[in-house]
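Here is a guided walk through a protein model, written to be read with the viewer open.

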Amino acid sequence: MSHDQVRVTRALLSVSDKEGLVAFATALDRLGIELVSTGGTHKTLSAAGLPVTEVAELTGFPEMMDGRVKTLHPGVHGGLLAVRDNPEHQAALAAHGIRAIDLLVVNLYPFEATVAKGASYDDCVENIDIGGPAMIRAASKNHADVAVVVDVADYADLLAELEANAGSLHERTRRRLAQKAYARTATYDAAIANWLAGQIESPATPAYRAFGGSLAQPLRYGENPHQSAAFYRSPGLPRPGVATVRQLQGKELSYNNLNDTDAAYECVAEFDPARSAAVAIIKHANPCGVAEGASLREAYERALSCDPTSAFGGIVALNRPLDAEAARRIVEIFTEVIIAPDATAEAIAIVASKKNLRLLLADGLPDPRGAGETVKTLAGGLLVQARDAAVVDDMPLTVVTQRAPSEREYADLRFAYRVAKHVKSNAIVYVRDGATVGIGAGQMSRVDSSRIAAWKAAEGAKRLGAAESLAKGSVVASDAFFPFADGLIAAAEAGATAVIQPGGSMRDADVIKAADEAGLAMVFTGHRHFRH
């Protein structure tokens, strides 16, 4: 039976994170709430001069086995689980000398942080909390009578309600806290299960999978205004990007901003900043221009020239800290987001002149070879796969045509394949001299993607007043094999001189023949880059 208000007279505190603990416990004591606590928490509260009973006094057993056993006892769980208006429960409490606990305050051993810092297997195991989750689940089940707090951030609101209601908590508060508590233990268990999956063979296909996260940002809406949405951070070591950024200015990020920014930063991270500056401009999660340059400004201008119409209102990602020269150029057109590893003070001041432009600093680049999973929901289930960590620089490129690519073509072919990895399938990417000149994305037919990319290159030539398409003398990348020769012929007609593709089609021989007849050089990677 639920109760609108429950008076809190006794609290059990057992926390790993001691932030705000003494002030919080002092306020509880001031409200006349009896304090009970475990080992380290008890020492902290006793040292602060607070009256506090150690759990060992309730259980009659000392903490043992390096603290593994301390709260797993009827003296604790009986006090948490007893239903207050159930006569049999109350009789059991009285018969065994157990007193009810009205408030449980627990935060768990720092398992996620231990994994994130690269600790040993044994250290990670030792930081798996047992008693904490057991108490949290017990208190949460009995939230009709017990309140449970698992987050330091809830201390202030809880105290405010207790002080305003003569030491009582409302039913809606207890339900809200119980939901958060179950979600916290679920996320905690998911982190443990997924870490263990990574320690065994076939980590992508365990019999059960769990995923969890902590709220990073409630969003105004999702892809469309009628859809609710929020952004959650995954437990463990964060991948540099949208989960690690510091937003220095600009409006709140939307669902679409976050999705597109993630796509942009993952794309630009394919380009080693030690080799050259690189910029990726993204619109609707697809690159509309990517380029390298001697400076970020040069890279930006070359990326922009690929498709300035699509770049309007796009996301700009840089592989080096934003400098003033690049910042001045980027703010000349409407841009939604700039994301970079860092930025100079002068660049930050320049971007500040555009109050709605978001500037995000990620404190690093994601590793394109880094492990991880991608998850997609389906009706009634999930699709889980290892992230595409294949990098063209690691792939043996097999020449399959009579002519081998030149050194310049090889460089552009690798560039084009890095970009194709981040273009929605079917993907066709034209590149010349370290910059995209035409991109075809997301078409049902590969030949249509090829034609669209060629048309984009021709339109670029018109803008620049060039006599020939920008695809003239370019190379072309395809994210998957050409099932027929028509897509490759379209690339040759557009002016491409070399092709990079995975190979593996039943008609590879026909495609190779067409390439030879057109005088193209072509290499196979053996790796497909579908992106749906």
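## The chain as a whole

The protein chain has 19 helices and 23 strands. Please keep in mind that this is a predicted model. The C-alpha trace spans about 95 × 50 × 40 Å along its principal axes.

Of the 532 residues in the protein chain, 48% count as buried. If you look at contacts between residues at least 6 apart in sequence, 58% of them join residues at least 24 apart.

Five strands form it in the order 4-3-2-5-6, and the pairing is parallel. Strand 4 (53-54) and strand 6 (147-149) stand at the edges with a single partner strand each, so one side of each has no neighbour in the sheet.

Further inside this order, strand 2 (residues 10-15) and strand 3 (residues 34-37) run parallel and are joined by four bridges. To find this pairing in the viewer, pick arginine 10, which stands opposite glutamate 34 in strand 3.

## Two exposed residues in helices

Proline 74 is found in helix 4 (residues 74-81). Is this proline 74 buried or exposed? Proline 74 has a relative accessible area of 53%, and exposed means over 50%, so proline 74 counts as exposed. Leaving aside neighbours within four places in sequence, proline 74 is in contact with Gly79 and Ile98. Leucine 58 is 16 residues away from proline 74 along the chain, and the C-alpha atoms of the two are separated by 9.3 Å.

Glycine 198 has its place in helix 10. Glycine 198 is exposed too, with a relative accessible area of 52%.

Helix 6 (111-116), helix 10 (171-199), strand 8 (214-219) and strand 9 (229-233) each supply at least two residues of the lining. Sorted by class, the lining has 13 nonpolar, eight polar and seven charged residues.

## A hairpin

Strand 16 (residues 373-378) and strand 17 (residues 381-386) run antiparallel, joined by six bridges. The two strands form a hairpin with two residues between them. Leucine 378 has glycine 381 in strand 17 as its bridge partner. In the turn, glycine 380 has a positive phi of about 80 degrees.

Towards the end of our walk comes strand 21 (residues 475-478), which is covered on both faces. Val475 and Ala477 are buried on one side, and Val476 and Ser478 are buried on the other.

What are the pairing partners of strand 21? Strand 19 (residues 428-431) pairs with strand 21 in the antiparallel sense over four bridges, whereas strand 22 (residues 498-501) pairs with strand 21 in the parallel sense over three bridges. Valine 475 takes part in both pairings: valine 475 is the bridge partner of valine 431, and alanine 498 in strand 22 is the bridge partner of valine 475.

## Helix 18 and the crossover

Strand 21, helix 18 (residues 485-494) and strand 22 together make a right-handed β-α-β unit. Within helix 18, the residues Ala485, Gly487, Leu488, Ala490, Ala491 and Ala494 are buried. An α-helix has 3.6 residues a turn, so residues three or four places apart point the same way.

Several elements cover the buried residues of helix 18, including strand 19, helix 17 (446-464), strand 21, strand 22, helix 19 (508-517) and strand 23 (521-524). Just after helix 18, glycine 495 takes a positive phi of about 115 degrees.

Technical notes:
Residues numbered from 1 in each chain as written. Predicted model: local features only at pLDDT ≥ 70, side-chain atom pairs only at ≥ 80, totals over all residues. Heavy atoms only, no water. Buried < 20%, exposed > 50% of the residue type's maximum accessible area, 1.4 Å probe, protein only. Pairing = 2+ DSSP bridges. Right-handed = clockwise from strand over helix to strand, strands pointing away. Nonpolar A, V, L, I, M, F, W, Y, C, P; charged D, E, K, R; others polar. Contact = heavy atoms within 4.5 Å.
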